[in-house]
Amino acid sequence: MTRWMVTGAGGQLATAFELLLDGEVRMSSEASLDIRDRAAVAAAVHAFAPDVILHTAAYTNVDAAESNPATARAVNVDGTRSIVDAVRGTHTIVVYFSTDYVFSGEKNAPYVESDPTSPLNTYGRTKLAGEAEVLSWSRGVVIRTSWLFSETGTNFVKTILAAARAREASGVPLRVVDDQVGSPTFASHLAEAVIEALGAGIGPGLYHMAGSGYCSWLELAREVVALAGLSAAIEPTSTAELARPALRPSFSALVSERPIPRLPHWADGVGAAVDRLLSLT
């Protein structure tokens with residue numbers, strides 16, 4: 001029976017894993033385990049002795065990271081190092097979830113694992129540094145994903161659905177950027193693929209796992225609204241017009257050059273998430 005430890009309990013991906021995992025599962029939230037506390041992490045890992053740690057905890061507020069770089073680094077780098085240090089001398093597999101934001105977007109085609117990285121923002125730089133921590137472990141697995149969404153937590157799909165409902169009666173259009181392209185990824189599809197890969201004996205190293213295909217934020221928003229049967233208008237805007245604190249890659253879709261499970265098309269995931277969200281109301 002596999003013993004699973006999942007950091008970041010309550011988050012989108014951790015919740016998806018919790019619903020799917022068999023065996024003994026230990027969910028660790030920020031409140032129950034601050035990964036920045038090296039002693040606490042070591043004690044928790046040694047007490048539970050997990051076979052696999054699914055490290056989903058992260059500082060993910062891309063814009064806030066620009067004004068709080070020390071906090072972003074403490075969580076994404078130092079916290080990850082605490083986990084890796086805690087498993088040294090064991091046989092524990094550490095699976096770390098990273099981001100498409102480790103790329104600059106200049107390739108203008110989907111990125112594969114061997115492409116050079118060049119993050120544009122603090123979030124991307126700290127996640128890339130976290131990757132290095134995990135890859136220093138002989139049983140470290142790094143999985144980069146893109147534009148994660150689900151029916152839980154805070155994410156673009158939920159935000160657009162709520163905003164479209166609010167604008168339905170007023171007729172005021174939503175404005176969504178059309179010059180950023182990525183691979184939207186349904187958390188449940190990602191969790192299923194990761195579990196399948198681990199069951200098949202995936203080796204240590206770097207992997208890309210994201211929804212198949214790619215689209216802009218505008219296209220994603222229009223898909224959400226259409227699937228929900230709403231008529232709220234959505235108009236394009238540009239990244240420059242939004243003037244956000246953090247730079248973002250214009251094209252950061254992900255594909256894999258490695259023999260790993262492929263995720264369903266991003267639109268299939270959006271459909272599943274919208275169905276679940278509509279069933280909750």
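Me: Which residue forms a salt bridge with Arg 36, the closest N and O atoms being 3.0 Å apart?

Reply: That partner is Asp 34. A salt bridge here is a side-chain nitrogen of Lys or Arg within 4 Å of a carboxyl oxygen of Asp or Glu. The model is predicted: local features need pLDDT of at least 70, side-chain atom pairs count only at pLDDT 80 or more, and totals for chains, interfaces and linings use all residues. Residues are numbered from 1 along each chain as its sequence is written, and side-chain values use heavy atoms, with hydrogens and water left out.

Me: With which residue does Glu 30 form a salt bridge?

Reply: Glu 30 pairs with Arg 36, and their closest N and O atoms are 3.8 Å apart.

Me: And how accessible are Glu 30, Asp 34 and Arg 36?

Reply: Glu 30 is exposed, at 61% relative accessible area. Asp 34 is partly exposed at 28%, and Arg 36 is partly exposed at 39%. Buried means under 20% relative accessible area, exposed means over 50%, and partly exposed lies in between (1.4 Å probe, protein chains only).

Me: How many salt bridges does a search of the whole structure find?

Reply: The search finds 14. One of them joins the side chains of Arg 81 and Glu 133, at 2.9 Å from N to O. Arg 81 belongs to helix α4 (residues 69-87) and Glu 133 to helix α5, so this pair ties together parts that are 52 residues apart in sequence. Helices (H or I, at least four residues) and strands (E, at least two) are DSSP runs, numbered from the N terminus.

Me: Is Glu 133 buried or exposed?

Reply: Glu 133 is buried, with a relative accessible area of 17%. Arg 81 is partly exposed at 26%.

Me: Changing topic: in what order do the strands of the open sheet come?

Reply: The order of the 6 strands is β2-β1-β3-β4-β5-β10, and their pairing is parallel. Two strands count as paired if DSSP finds at least two bridges between them.

Me: Which strands stand at the edges?

Reply: β2 and β10 (205-208) do; each has a single partner strand, so one side of each is left without a neighbour in the sheet. On average, neighbouring strands of this sheet are turned by 20 degrees against each other, direction ignored.

Me: Over how many bridges do β1 and β2 pair?

Reply: Strand β1 (residues 3-7) and strand β2 (residues 24-28) pair over 5 bridges in the parallel sense. The chain passes from β1 through helix α1 (residues 12-20) to β2 in a right-handed β-α-β crossover. Right-handed means that, with the strands pointing away from the viewer, the path from the first strand over the helix to the second runs clockwise.

Me: What about β3 and β4, how many bridges join them?

Reply: The parallel strands β3 and β4 are joined by 4 bridges, and His 55 has Tyr 96 in β4 as its bridge partner.

Me: Which strands does α5 touch?

Reply: Helix α5 packs on the sheet and touches β4, β5 (140-145) and β10, its direction making about 160 degrees with that of β4. Contact means heavy atoms within 4.5 Å. Axes are lines fitted to C-alpha atoms, for helices over the stretch in contact, and angles run from 0 to 180 degrees between N-to-C directions.

Me: Last one: where is Ala 49?

Reply: Ala 49 lies in the loop between α2 (38-48) and β3 (52-55). Its phi is near 50 degrees, a positive value in a residue other than glycine.
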